[in-house]
Amino acid sequence: AQEALSLKQKVSYQRIGERDLLIFSACPLTDHESIWVVTRLDVRATYVAERYAMALGGFALVIFIIGIWHIFMLLRWSRLLDSMATSIAKSLPSGGQIIASSGYRDLDQIVNAFNTFNTQIKSALEHSMNLERKLQHAERSALIGRMVAGLAHEIRNPLGAIRLKAENALAGDIERRTIALTFILKQITRLEELLARLLSLVRAIKPEIQKIDISVWLNEVISLHLEKAHSSGKALKFQSMTEYWYFDPVLMTEVLDNLIQNALQHTRHGDSVQILCTRKSNILSIQITDTGTGIPMELCHHLFEPFVSARHGGIGLGLAHAHDIVSAHGGTLRLLDQATSTTFEIELPWQES
């Protein structure tokens with residue numbers, strides 16, 4: 001109080017103990033009078049709060065360090081998973097690629113499972129490829145067998161007839177010899193045509209692509225069959241919804257000739273064969289439809305193989321040759337599913353000459 005009077009201003013002092021804090025303050029009132037006060041504060045709660053604050057700070061620091069460690073581990077796992085995903089994306093089961101271990105137990109379980117699966121897939125693929133080779137060999141053998149049987153049948157009949165006529169010619173007079181020799185020449189011509197068709201199946205087909213006016217081309221092809229169609233009481237009708245296309249006119253005429261002949265053969269008297277040309281984006285579609293009895297189901301899967309024919313007396317080489325010509329153009333020839341008629345469809349892609 002005296003110090004406050006002498007200094008003429010407020011003064012304060014503190015004394016810190018183990019349990020409390022004492023604060024002394026004095027303030028002058030007049031030149032000769034002053035007032036003072038003392039306040040005690042319990043500091044034990046403050047110490048506890050400080051200790052709790054330090055503990056919480058340490059705990060927060062530990063959590064922060066653990067979080068940083070987890071972020072580091074997650075980033076490392078992410079890089080490892082990305083590397084594994086890249087390896088899996090690039091791995092081919094046929095190559096049997098094995099992904100290296102990562103050093104982490106959980107990740108290595110995934111790696112080991114993939115490596116085991118990859119090994120099993122490789123083994124299954126090898127087994128599947130072996131079965132496919134055996135199946136292709138069996139199918140090829142069956143196809144060769146059908147071709148040999150068909151060829152033997154087609155050759156045996158003319159040879160038997162030639163032999164019989166030759167024997168009759170040797171035992172007969174000049175008139176019988178002339179008739180026999182004429183018949184023999186016809187059978188030889190038939191055999192030559194058969195051999196020519198067989199050779200056409202094995203020769204490489206190289207289309208000479210040209211720009212073709214579809215309507216003009218269809219008129220020319222159909223005109224070759226009009227007389228035969230009219231004489232049998234059938235009609236040929238066509239409709240084109242595109243002006244021109246690019247293909248080999250000579251080869252495609254062979255295809256259309258064969259399909260029209262087959263259609264006329266199966267079309268009922270008084271009905272017509274319909275030919276429709278349409279464009280589907282960059283594809284030319286030519287459909288030939290007849291109103292016959294349809295193709296037997298057992299022949300549908302082998303229809304484009306040599307010596308397979310649904311027509312009595314047919315050799316079975318026309319559709320096979322037509323299929324090869326269309327394939328050489330990059331197109332497809334197929335039989336469409338029809339309930340009351342038979343429709344063959346030719347699809348030719350757009351290609352510049």
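User: Which residues do ring pairs link into a cluster?
Analyst: Tyr244, Trp245, Tyr246 and Trp350 are linked into a cluster by ring pairs. Rings of Phe, Tyr and Trp (its six-membered ring) pair if their centres lie within 6.5 Å; planes under 30 degrees apart count as stacked, over 60 as edge-to-face and the rest as tilted. This is a predicted model, where local features need pLDDT of at least 70 and side-chain atom pairs count only at pLDDT 80 or more, while totals for chains, interfaces and linings use all residues. Residues are numbered from 1 along each chain as its sequence is written, and side-chain values use heavy atoms, with hydrogens and water left out.

User: How many aromatic pairs does a search of the whole structure find?
Analyst: Five aromatic pairs turn up. One of them joins Tyr244 and Tyr246 edge-to-face, 6.3 Å centre to centre with 85° between the planes. Trp245 and Trp350 also form an edge-to-face pair, at 4.9 Å centre to centre and 90° between the planes. That pair links distant parts of the chain, 105 residues apart: Trp245 is in strand β6 (residues 244–247), and Trp350 is in the segment after β10 (342–349). Helices (H or I, at least four residues) and strands (E, at least two) are DSSP runs, numbered from the N terminus.

User: Is Trp245 buried or exposed?
Analyst: Trp245 is buried, with a relative accessible area of 0%. Buried means under 20% relative accessible area, exposed over 50%, and partly exposed in between (1.4 Å probe, protein chains only). Trp350 is partly exposed at 26%. Tyr246 is buried at 10%, while Tyr244 is partly exposed at 32%.

User: What lies over the face of Tyr244?
Analyst: Lys211 does, at 4.1 Å from the ring centre. A charge sits over a ring if NZ of Lys or CZ of Arg is within 6 Å of the ring centre and within 35 degrees of the ring normal.

User: Switching to charges. How many salt bridges does the structure hold?
Analyst: Six. A salt bridge is a side-chain nitrogen of Lys or Arg within 4 Å of a carboxyl oxygen of Asp or Glu. Among the residues involved, Lys280, Arg334, Glu345 and Glu347 are linked in a network.

User: Which strands hold Arg334 and Glu345?
Analyst: Arg334 lies in strand β9 (residues 332–336) and Glu345 in strand β10, so their pair ties together parts that are 11 residues apart in sequence. Their closest N and O atoms are 2.8 Å apart. Arg334 also bridges to Glu347, with the closest N and O atoms at 3.2 Å. Arg334 is partly exposed, at 38% relative accessible area. Glu345 is buried at 1%, and Glu347 is buried at 17%.

User: What about Arg268 and Asp271?
Analyst: Their side chains meet in a salt bridge, 3.3 Å from N to O. Arg268 is partly exposed at 45%, and Asp271 is partly exposed at 24%.

User: Backbone now. Where is Lys8 found, and what is its phi?
Analyst: Lys8 is in the loop between α1 (2–7) and β1 (11–16). Its phi is near 55°, a positive value in a residue other than glycine. Most residues other than glycine have a negative phi. Lys8 is exposed, with a relative accessible area of 64%. Ser281 has a positive phi too, near 60°, and is found in the loop between β7 (272–280) and β8 (283–290). Ser281 is exposed at 61%.
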